[in-house]
Amino acid sequence: MDSNDKRDLPVKNRKYRDSFRYASWGVKTAFKEERNMRTHVLTGLLVFVLSLFLGLTREEWLWLILVSYLVFVMELINTVVENVVDLITEEYHPIAKKVKDMAAAVVLVTASFAVIIGVIIILPKLLQILF
């Protein structure tokens with residue numbers, strides 16, 4: 001390979017700033033293109049706003065932040081898996097469907113965990129206010 005060939009190859013990010021910029025583009029793309037991502041973010045924001053009025057402890061805040069970020073991360077991973085599968089095969093394949101379904105299941109299981117944590121933390125506080 002001569003030196004001209006090396007210039008045609010992709011170059012790793014030379015600056016941390018570039019890495020952050022590309023990562024933020026990834027988040028923006030997922031938010032723009034994935035309806036479920038927008039739903040999860042909106043739900044997380046609503047829970048956050050509601051929680052501002054409930055007098056949560058530091059530990060309760062940490063749990064809610066943790067599960068919210070977990071759902072967000074799993075949705076990003078699901079999006080990556082779906083895009084890679086779509087890139088690899090344009091035709092229907094049962095294994096491709098299985099992979100995409102399991103990636104979606106990861107999000108579902110994580111979101112269910114978030115709901116359980118949310119109910120454990122928020123429901124008693126709401127009931128205390130209402131009754």
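1. Basis of the note. This is a predicted model, in which local features need pLDDT of at least 70, side-chain atom pairs count only at pLDDT 80 or more, and totals for chains, interfaces and linings use all residues. Residues are numbered from 1 along each chain as its sequence is written, and side-chain values use heavy atoms, with hydrogens and water left out.

2. Confidence. The chain has a mean pLDDT of 91, and 91% of its residues reach 70 or more; pLDDT is the predictor's confidence in each residue, from 0 to 100. Helices here are DSSP runs (H or I, at least four residues), numbered from the N terminus. Where pLDDT is low, the predicted coordinates should not be read in detail.

3. The largest pocket. Its volume is about 710 Å³, a volume being the space filled by probe spheres set on grid points joined across faces, edges and corners. A pocket is an open set of points on a 1 Å grid over the protein atoms alone, where a 1.4 Å probe fits, with protein on both sides within 12 Å along at least five of seven lines; lining residues have an atom within 4 Å of a point.

4. Its lining. The largest pocket is lined by 25 residues, and H40, T43, G44, L45 and S68 lie nearest its centre. Two or more lining residues come from each of α2 (16-33), α3 (35-52), α4 (58-88) and α5 (94-130), with α3 giving the largest share, nine residues. By type, the lining has 19 nonpolar residues, six polar and no charged; Asp, Glu, Lys and Arg count as charged, Ala, Val, Leu, Ile, Met, Phe, Trp, Tyr, Cys and Pro as nonpolar, and the others, Gly among them, as polar.

5. A charge over a ring. R21 lies over the face of Y22, at 5.1 Å from the ring centre. The criterion is NZ of Lys or CZ of Arg within 6 Å of the ring centre and within 35 degrees of the ring normal.

6. A23, in helix α2, counts as partly exposed at 45%.

Conventions:
Buried < 20%, exposed > 50% of the residue type's maximum accessible area, 1.4 Å probe, protein only.
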